[in-house]
Amino acid sequence: MSEFASIDWLALTVFAPLLGAVASFLAPRMAPQIGFASLTVTALCVVMLAAQVIAGGPVIVSLGGWGAPLGLDLRADGLGIVMLGMTMLVGLFVSLGALDSFSAAREGEENARMRLYFWPLWLLLLSGLNGAYVSTDIFNLYVMIEVIALAAIGLTVLTGRLEAMRAGLEYMFASMLGALLFLMAVGLAYLQAGRLDFAGLAAHAGEPAMMLAFALMLVGLALKTALFPLHFWLPRAHASASAPASALLSGLVLKASLYILLRFWVEIFGPGSLIGLTVGLMGTGAVIWGSVQALRTQRLKLLVAWSTVAQIGLICVAFALADTIGAQTAWQGAVLLMVAHAVAKAAMFLAAGRIAQETGHDRIADLDRTHLRPTLAQFAFALAAISLIGLPPSAGFAGKWLLMEGAMRAGAWIWVVVAMAGTLFSVAYLSRPLIGFLRFDRAPDPVGEHHGWAIADAPPLMLAFIAAISGLAAVQIIGVLDIGAPFGPFP
Amino acid sequence: MIDALVLFDLVLALAIIGIAAGVLILRDAFAMIVCFVIFGLLSALAWVRLAAPDVALAEAAIGTGVTGALLLKTLAHLRGRTLSPPLRVKGGLVVNAALCALVTLAGIGVFLATPIGGAGLEGLVAQNLAASGVAHPVTAVLLNFRAFDTLMEVVVLLVAVVAVWSMERGIARAPAPVMGEVYAGFARLVLPAAVIVGAYLLWIGAIAPGGAFQGGAVLAAVGLMLLITRAYTPLPAHRGAARIVFVIGTALFAAVALFVAQGGRATFEYPAAHAKSLILIIEAVVTISIAATLAALFHGREPVAVSVRETRA
């Protein structure tokens, strides 16, 4: 064990996928094998790191031996570990799905190209995501954001279809604008504080330059995380990408900017009523608008994408709620919601992709008219819906429970109403496809199951299953979240 | 003397704002690009006046040179559809302008309220410069103190080229530019000089302004010239070599960072005796990757056998 302890698992969580991406780009024919192998290695690194953190508290590595503020420190605390774990869990299952959906057995030139390029892009994305979760420096975060954004855009347009290209271009403009605003904020923060590490910046919170910096960052991150009213790019981008790419984009990429917002909020700027109110109001708008659009749309993938807009809004309302309550448990509840959404939404996009693949269309109105019923994918979709709605024993339920308990005690009734309304809305729009799955009287021919099982059915099912029972592990997740007190003892 | 410089700064600042407005107001894409390039050059001048020659070099080489070339290449693909509809002042535009003005005002207010020349990291960098292995503070920050940031910036370029290569190659090759003999002669004269300038920029980075990104951009210009003059045509058979060149900067940088982490040293902690040589090797290899990547981005596609669809187009 001692020789393992000297290995820098923390840096390896960023470097392993990076080197894997290089290898899979160099040897395109072996890309799936290399890609999945390096993903497994990365997961191993995260597990070793998590073991270190759980055993001995937060791990900090001073790159180059300099130490902040001159050099860069990487740090893994409880929050970082939970985000890393979430990324690896979703990433592994989505990759398993990608192995099958881009497999050589499927035909088409388009598919061959996706098989070559999915892996380097996804591994580079993973490198950026992991880098963001262990960063303690805002400029370093900016660089990670750029890596994440470019790789995400690459994944969006991977299908090469015209509508994906258009959506990808829109996504790129939004994403670049967000990054530029973020960079401006980094400049302002450096002007004020003379350093870029979190600890150094926290000492200057509340000064005018820092206030403007936070406002700019908030807008930039809202653009990237598609928070209402800056969500315009999301539905088309997520609905037009291939199923594994959508799962990654919706499940993981958005969470990175949400995480950065959360980290800045609790570690640098501290709770403040104005921030909470702004984010809460934007979240409320997202819940209402996203739900209404999800209720109206005709396409299954668009419904899932619009539900992402609404759910991101709900998570932001949860942040605002935690800010109002000011208790550790409330923040932990909000993080639980984030994790639950990542797992369930990835499952849902994979399932929706499978349904579209098997039935040949993704029109919600015709789901009950088809005689082909991909039962496993539909079951996975339903399980994921249960978790998104927040029924027990999902982690979404545990998160909402923690939040509601605190909110009612603190008397934050407005946010309680919004969160409840969001839950009701999600029941409404998610039951639209479920009704289609369960009606058999409209099919012209005798209802058959499907063309046969595929390996691609397993990842959404397992992810959805994990999402549905993850509430049973809520106590353990909260225990990990306590390590290093990322949410601090607030006054 | 000081008055003359103040006057110069004032004129420069006004010119930058004017030309920026010009880019937005002009409706002809070619004129817009030309204005954008001038804007970049003036900004580079402004960076010089702000005593940031490294940024000025980067702005001139990448922000202006390579970006300008990319924009012109895109224009060539648009084939004549270069006139934007005339600018109309609408409600949305007014609201946007008002919001931007508010943010700018807030920025100015904040800037005035912030102590000028306050705390920075310059002192700390100067203190540790001797231990970094190089004598130029900017290079010390980029390749040693914050080497991780630089590695990930190189990764950004790698992501860009992977994404570009992954895209559907639905666009046909741009028509061959009509260029006379003067042009070819110009290329013959300039190319060797550009190679030397690029290498010099890289080398001088250890002690003076310059470095991998600036040197790489100048070398990328060599690649651009070769592509434009058709002295070099990317062929499908070259893809393997090209992939190696794209990734070698990232791969070597990351490998060194991990490899030095033994015997109690942290990741990225170069042994003091070898710091200078390691930094130079990394910079040299990264320069080659950057140059090749930028040139490949200009080419804009993976060189594959031309498909049926393209031949028809």
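These legends describe close-up views of a predicted model.

**View 1. The second largest pocket has a volume of about 900 Å³.** Its lining holds 34 residues. Closest to the centre are Arg161(A), Ala241(A), Ser242(A), Ala243(A) and Lys301(A). Several helices of chain A give two or more residues each: α4 (78-101), α5 (109-134), α7 (162-193), α10 (234-240), α11 (243-269), α13 (300-325) and α14 (328-359). The largest share, five residues, comes from α14(A). By residue class, the lining of this second largest pocket divides into 12 nonpolar, 10 polar and 12 charged.

**View 2. Tyr133(A) and Tyr259(A) form an edge-to-face aromatic pair.** The ring centres lie 4.9 Å apart, with 90 degrees between the planes. Tyr133(A) belongs to helix α5 of chain A and Tyr259(A) to helix α11 of chain A. The two residues are 126 apart in the chain, so the pair links distant parts of it. Both Tyr133(A) and Tyr259(A) are buried. This pair is one of 21 aromatic pairs over all chains.

**View 3. An aromatic cluster lies in chain A.** One cluster takes in Phe139(A), Tyr142(A), Phe182(A), Phe198(A) and Phe264(A).

**View 4. The charged end of Lys73(B) sits over an aromatic ring.** The ring belongs to Phe298(B). The charged end of Lys73(B) is 5.1 Å from the centre of that ring.

**View 5. Arg243(B) of chain B lies over the face of Phe25(A) of chain A.** Arg243(B) is placed at 4.8 Å from the ring centre of Phe25(A).

Notes. Residues numbered from 1 in each chain as written. Chains lettered and ligands numbered in written order. Predicted model: local features only at pLDDT ≥ 70, side-chain atom pairs only at ≥ 80, totals over all residues. Heavy atoms only, no water. 1 Å grid on protein atoms, 1.4 Å probe; cavity = no way out; pocket = protein on both sides within 12 Å on 5 of 7 lines; lining within 4 Å. Points joined across faces, edges and corners; volume = space filled by probe spheres on them. Helix = DSSP H or I, 4+ residues; strand = E, 2+ residues; numbered from the N terminus. Nonpolar A, V, L, I, M, F, W, Y, C, P; charged D, E, K, R; others polar. Phe/Tyr/Trp six-rings, centres within 6.5 Å; stacked < 30°, edge-to-face > 60°. Buried < 20%, exposed > 50% of the residue type's maximum accessible area, 1.4 Å probe, protein only. Lys NZ or Arg CZ within 6 Å of the ring centre and 35° of its normal.
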